[in-house]
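Please look over the sequence and the model before reading on, and keep both in view while you follow the explanation.

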Amino acid sequence: VVLNNLDSLNLKDTDKEKVLDTLSQFVLIHNNDSINRNLIFKVADKYYYLSQYDKYQKLSKKVLELAIMEKDTIHIAKSLYFLGDYYDQKSKLDSAFSYYSQSEKLYERLNDSLNNGKVKLHKAGILFDAGNFAESETETVKALQILSKTKKNDLVYNCYNIIAISLKGLNDFKKSLDYFDLALKQLDKMEKENYPKESIIKSRITVYNNIGRVYEKMKNYQEAIHFYNKGIQTRNIKQDYPKSYAMLMDNLGYSKMKAGGYDDVEKLLLESLKIRDSLGIALGSVSSKINLGEYYLLQKDSTKGFAYLKEGYLASRKLKSSQHTIEALKLLMEYDFQNKSYYTNQYLKITDSVQQVERATRNKFARIAYETDQVEEKNVVLSKTITNVIIG
C-alpha cells in the first residue's frame, strides 16, 4: 500500500528514498516467488524516478539472479530491460545495447509484442545517439511494424520521431519532413485520446524545432524561421519550458542571421545564452556562444566574435562535443587568418578522430548484435539436446 501511494504522499525526495530503503530490505529477505519479484521491480522503478540509479541497478541485478534461479523467463527479460535502462541513463551505450538485445530475444520467444517493440525502440535510440543513423532507422521501422498493431499511440509517435531525425542525419530531408508530419498527426490523435497534456505540448515543441532544423540544413531559412516561431508561440513556453524556449531562440536567431536579417539576432542569441547559463545547460551555452561569435564576425566586430568563438571552442573540447568543436573550428579557420594553420590542423585531427570513433562504434554494435544471436542459438541447441536426453 505504501509503495503504491508513495508518489501521492507529501514527502521530500530524501524521505521517499528512506521509505524505499526500508521496503528494499523487506522485499530482499522474503521468498523468491513471482509476487515478491514483482515488488522488487516496483521498488526499483521508484528508485529510478527519484534518480537513485545505483540503487535501481542493484535491485535490477538482484531480481535477475532470483528470476534465473526460478527459470522465470518473463522476469529475466524484464530485469535485462531494466539494466538496459540503467546503462542508457549512464550513457554507457554499448552495455545498454547489449542488455536490450538480450531482453529483446526473450520477448521474441515469449511473443510479447508490446515489450519487444519497446526494446527495439530503445535500441534504435541508442544507435541514433551513437551516430548510426541508417541502423537506427532500420531498427525503428521494425519497432513501428510491431507497435502500430498495439494501441500505444505515444510509442508510435516516438517511432515516427526517431525515423524522422535519423533520416535528417542521413540528409534525406524530404522523407524526414514526411515522418515529422506523421509525428504531428499522431500528437493530434493523442490529444483527442486524453494523453497527458504537458507531454504532448513538449513533444509538439520538439517536433517544430526539429522541422526547423531540417529546413535549416536545406538552407530554406524562411521555413525554418516559421517553425521556430510556431514553437515559441506555445502558451507560457518561457515560464513552463525555459530549456525549449532557449533552444528555439538560439535556432531562430541563427536562421535569421543566415537569411541576412540581423535586426533582432543579437537580442535572441544573448537571451538564449542567459537562460542556458542560468539553467546550467552546458552544451546549449556552447551553441549560443558559437552562434554569437559568428554573428559578431559578420558584423565586423572581430574582438567580440573571436572572444565568443574561442570560449565556445574551449568549452566544447572540455565537454568532448566533437560536433560543436568542428563548428567552432570551421569558423576560426575562415576568419582567424593569423592562426589559420593551427585551427586547420586541429580540424583535420578531430574529423579524423570522429570518423575512427564512428567506424569503431558501428563495428561494436554489430558485434554485440552478432554475439547476442550466437548465445541465443547456443541456448536453442542446448534446450533441444536436454529435451532429447529427457525423452531418451
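This is a predicted model: local features need pLDDT of at least 70, side-chain atom pairs count only at pLDDT 80 or more; totals for chains, interfaces and linings use all residues.

Residues are numbered from 1 along each chain as its sequence is written, and side-chain values use heavy atoms, with hydrogens and water left out.

The chain holds 18 helices and zero strands, where helices (H or I, at least four residues) and strands (E, at least two) are DSSP runs numbered from the N terminus. Its C-alpha trace spans about 85 × 50 × 35 Å along the principal axes. Of the 392 residues in the chain, 45% are buried; buried means under 20% relative accessible area, exposed means over 50%, and partly exposed lies in between, with a 1.4 Å probe and protein chains only. If we take the contacts (heavy atoms within 4.5 Å) with a separation of 6 or more, 55% of them join residues 24 or more positions apart.

Which residues of helix 3 are buried? They are Tyr53, Tyr56, Gln57, Leu59, Ser60, Val63, Leu64, Leu66 and Ala67. Just after helix 3, Lys71 takes a positive phi of about 55°.

We can now turn to pairs of helices. Helix 6 (residues 113-129) and helix 8 (residues 153-169) pack at an angle of about 25°, with their axes 11 Å apart; axes are lines fitted to C-alpha atoms, for helices over the stretch in contact, and angles run from 0 to 180 degrees between N-to-C directions. The two helices are therefore roughly parallel to each other, since angles under 35 degrees count as roughly parallel, over 145 as roughly antiparallel, 65 to 115 as roughly perpendicular and the rest as oblique. Leu114, Lys118, Leu121, Ala124, Gly125 and Phe128 in helix 6 meet Leu155, Asn158, Cys159, Ile162, Ile165 and Ser166 in helix 8.

How do helix 13 (residues 242-258) and helix 14 (residues 265-279) pack, and at what angle? Their angle is about 150°, and their axes lie 8 Å apart, which makes helix 13 roughly antiparallel to helix 14. The contact includes Tyr245, Met249 and Leu252 of helix 13, and Leu268, Ser272 and Ile275 of helix 14.

Finally, consider two loop residues. Ser91, in the loop between helix 4 and helix 5 (93-109), has a positive phi near 60° although this residue is other than glycine, and Ser91 counts as exposed because its relative accessibility is 56%. Asn171, which lies in the loop between helix 8 and helix 9 (173-192), is not a glycine either, yet has a positive phi of about 65°. With 46% relative accessibility, Asn171 counts as partly exposed.
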